[in-house]
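Please read them with the structure open.

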Amino acid sequence: MSRFTATDHAHMARALRLAEKGLYTTQPNPRVGCVIAQGEDIIGEGWHERAGEPHAEVYALRAAGDRARGAAAYVTLEPCAHFGRTPPCADALIEAGVARVIAACEDPNPRVAGGGFAKLRAAGIEVGTGLMREAAREVNRGFFSRIERGRPWLRVKLGMSLDGRTALASGASKWITGAAARADVQHWRARSSAILTGSGTVLADDPRLTVRLAADVPFRSPLRVVLDRRARVPDSAHVLDDSAPTLLFHAAGAAPRATRAESTGAPESDGLLDLSFVLRALAARGVNELQVEAGPTLCGALYAAGLVDELLLYMAPVLLGDQARPLLRLPALHDLTSGKRLRAIDQRRVGDDLCLLLRE
């Protein structure tokens, strides 16, 4: 199937909105939505809510009941064809007797990777793919990054002044941005699989790196990750409390000072922990989206290594002066053409501040 109707687009758009309902809860699984329809009429819908619980197709088929026979199913990701923590969704669609399955994109997981489509076609079901593919990949950019690139999607979050400064020369940075911006950050944390910082930030600011949302908003607490090369983080650090899990990376020869969290050794490169190794290790743990909240040295090293996928910047209407700390520590440029130009994916006002989501 190469052409899709306006009705197909409308149903897939609804399935994508459903997928976003799992934005904070499906880790490490992808966010998936499903709509079952007879023509223009939606007869069942659902989304994957939590890992280990039924997938989107199962919820939608339950809602549709017997009316699913001969209907079309719109799903934002290829239905699975293997037994994991739940039975194969492709089998459920076949058993329900749907006539068509429209999927936004193929599941890159080697355990699926076209197997779901093949099973559906073998059962005589018409299969269409590629409808709103880019939007579906965007919802699951971390999942696709982990499977296809072997590392999480990496987002660096920074609060800065109009002149690009993140803290005074003394290190004081509370608070450059306003309360609305700090509240907005909580939603970005909630959608992240892990939040990463460096030991310098832990020792200077003693952050908790937890998610603080309204009591009625469900979320899975992201893993807190600290790069502690010289094993300086003490047990008293807030980031080691029991409100969320924490993982410390230290140099292979360092003896961890902290005992309240899991720690693991990592190789070094240019006086830092090997950042690519860290990202691969996090991907192996199922980390899809990684949010970095750290100082200019670590953030600059990640950016210089080409490991940053997007910058989340909150810019406050304040000037801190040229003695204040910079946004990123990067190698000097010899000419303007060497600078990397970024594009704004999103820009909006958050209270008195401006929020920019930037990518290359």
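1. Rings of Phe, Tyr and Trp (its six-membered ring) pair if their centres lie within 6.5 Å; planes under 30 degrees apart count as stacked, over 60 as edge-to-face and the rest as tilted. By this rule, a search of the whole structure gives one aromatic pair. The partners are Phe143 and Phe144, with ring centres 5.9 Å apart and planes at 80°, so the pair is edge-to-face.

2. This is a predicted model, where local features need pLDDT of at least 70 and side-chain atom pairs count only at pLDDT 80 or more, while totals for chains, interfaces and linings use all residues. Residues are numbered from 1 along each chain as its sequence is written, and side-chain values use heavy atoms, with hydrogens and water left out.

3. Are Phe143 and Phe144 buried or exposed? Buried means under 20% relative accessible area, exposed over 50%, partly exposed in between (1.4 Å probe, protein chains only). Phe143 is buried at 5%, and Phe144 is buried at 3%.

4. A charge sits over a ring if NZ of Lys or CZ of Arg is within 6 Å of the ring centre and within 35 degrees of the ring normal. Phe144 has the charged end of Arg137 over its ring, 4.2 Å from the centre. Over the face of Tyr303 lies Lys340, at 5.3 Å from the ring centre.

5. Helices (H or I, at least four residues) and strands (E, at least two) are DSSP runs, numbered from the N terminus. In helix 2 (residues 56-64), the buried residues are Ala56, Glu57, Ala60, Leu61 and Ala64. Viewed down the axis, they fall within an arc of 125° (taken from the directions from the helix axis to the C-beta atoms), so they line one face of helix 2. These residues pack against strand 1 (33-38), strand 2 (41-47), strand 3 (72-75) and helix 3 (89-96), where contact means heavy atoms within 4.5 Å. Gly65 follows helix 2 and has a positive phi, near 60°.

6. Two strands pair if DSSP finds at least two bridges between them. Five strands make an open sheet of mixed pairing, in the order 2-1-3-4-5. Strand 2 and strand 5 (126-129) are at the edges with a single partner strand each, so one side of each has no neighbour in the sheet. Strand 3 and strand 4 (residues 100-103) run parallel and are joined by four bridges. Ala73 is opposite Val101 in strand 4.
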